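Trainee: I am new to this model. Please walk me through it.

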Amino acid sequence: MGHSISANVDDSKSLWGGGVEPLKVSYGKLMMWFFLLSDAITFSGLLIVYGFIRFSHPVFLGKEFVTSQHYWPIPDHVFTHIPFAHINAPLVFVGIMTFILIMSSVTMVLAVEAGHRMDKKAVEKWMLWTIFGGFCFLGSQAWEWSIFIGGSHNGLKLDDGSIIHGASLIHNEYGPQLFADLFFFITGFHGTHVLSGVILNIIIFYNVVMGVYEKRGHYEMVEKVGLYWHFVDLVWVFVFTFFYLV
Amino acid sequence: MAHGHQSSNTISQGEIPAPQTKWIWNTFWILLGITSFEFLIAFTKGPLHLNHYLVVFVFVVLTLVKAFYIVADFMHLKHEVKALVMSIVLPIAFIAWFILAMLIEGTFVHHSVYELFK
């Protein structure tokens, strides 16, 4: 095995011989990518299960949709609430949530870009916006859950005559029980990732303010948590499509 | 939000270059446009009586397009070494196949349970 000492030689004999970065990224960044890949596989498992269960249920084929345990609900008839207004606004709130998360992804990219230029003040500013966006999303998701759990005024009359309101892990007014179970698990799992992402962002923001990365000479840590944050946004894009649109 | 040169603390740290953010906002507008289009379809599929499977297909394709922009641009993957790009893209391609297969299986189960024994 020819061992070349110079770290920038790009011939295949020494590229994998050790001492250089074969994929031209640092260890930390590469491991973040592979972690994200594994997390993507986990979320895919959940979404695949959702697709399988959803398509194995009957669909509503009539004219005026009413909720029932016998067929899968139509999302724009379930998710119709927005805060502060008692109007029928199908999917509006989830659209706002998607916009918030995409915006926070944009501010994260802006923070990374500022880090490349060693612009400490700009990194702080954009990271603060990202953290704020993350908290807004978490609050919105919590509100969505509370509406979902609370239920509608009329509730649903079950086959045995009893009336149930809202959804939990043991009863569901909007449709089959699995719909509620999957909703809580998938959005809950995603929400937990958003929470951990916000916490990570706060920690790294603190480090930025303390000048840790300025002293280190690069803001690569901002880039690494940025990757995690974009992943969280990416998962939401898929969850939102499969749960609310399809 | 900054759209160009922003004043920064350059006195003690030396010159900080101007931001290069145009590509970021470009990608943002593309993502926003695609999402708005998805919402448009979601609201008009009823009145326009669009075929359900066509709508699902369009949603899935547009979601993949958005995923491409987020991963390639925001996560910088398109600028990385090809080997790294493939390490991420190929497993995801297999997962996409898995999703498709399970959706097909799901409809088969539906058919077997609900249609076959009428």
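Trainee: What should I know before I start?

Mentor: This is a predicted model, in which local features need pLDDT of at least 70 and side-chain atom pairs count only at pLDDT 80 or more, while totals for chains, interfaces and linings use all residues. Residues are numbered from 1 along each chain as its sequence is written, and chains are lettered from A and ligands numbered from 1 in the order in which they are written.

Trainee: How many helices and strands does chain A have?

Mentor: Chain A has 8 helices and 2 strands; these are DSSP runs numbered from the N terminus, with helices (H or I) of at least four residues and strands (E) of at least two. Starting at the N terminus, the order is α-α-α-α-α-β-β-α-α-α.

Trainee: And what is the radius of gyration of chain A?

Mentor: Taken over C-alpha atoms, the value for chain A is 23 Å, whereas a compact globule of 246 residues would have one near 18 Å. The globule rule is 2.2 Å times the number of residues to the power 0.38. Along the principal axes, the C-alpha atoms of chain A fill a box of roughly 80 × 45 × 25 Å.

Trainee: On to packing. At what angle do H2(A) and H6(A) pack?

Mentor: Helix H2 (residues 27-55) and helix H6 (residues 177-210) of chain A pack at about 160°, and their axes are 11 Å apart. Axes are lines fitted to C-alpha atoms, for helices over the stretch in contact, and angles run from 0 to 180 degrees between N-to-C directions. H2(A) is therefore roughly antiparallel to H6(A) (over 145 degrees; under 35 is roughly parallel, 65 to 115 roughly perpendicular and the rest oblique).

Trainee: Which residues make that contact?

Mentor: H2(A) contributes A:Leu46, A:Tyr50 and A:Ile53, and H6(A) contributes A:Leu178, A:Leu182, A:Phe185, A:Ile186 and A:Phe189. Two residues are in contact if their C-beta atoms, placed from the backbone, lie within 7 Å. By class there are 8 nonpolar, no polar and no charged residues; Ala, Val, Leu, Ile, Met, Phe, Trp, Tyr, Cys and Pro count as nonpolar, Asp, Glu, Lys and Arg as charged, and the others, Gly among them, as polar.

Trainee: What about H5(A) against H6(A)?

Mentor: Helix H5 (residues 120-150) of chain A packs on H6(A) at about 155°, with axes 9 Å apart, so the two are roughly antiparallel to each other. Their contact has 16 nonpolar, 7 polar and 2 charged residues.

Trainee: Now the other chain. How many residues does each chain give to the contact?

Mentor: Chain B gives 43 residues and chain A gives 42. On the chain B side, the elements that give two or more residues are helix H1 (22-44), helix H2 (52-74) and helix H3 (82-115). H3(B) supplies the largest share, 17 residues. That side of chain B holds 29 nonpolar, 10 polar and 4 charged residues.

Trainee: How does H8(A) pack with H2(B)?

Mentor: Helix H8 (residues 220-245) of chain A meets H2(B) at about 175°, with axes 10 Å apart, which means that H8(A) is roughly antiparallel to H2(B). Residues in this contact include A:His230, A:Asp233 and A:Phe238 of H8(A), and B:Phe59, B:Lys66 and B:Phe74 of H2(B). The contact divides into 9 nonpolar, 3 polar and 2 charged residues.
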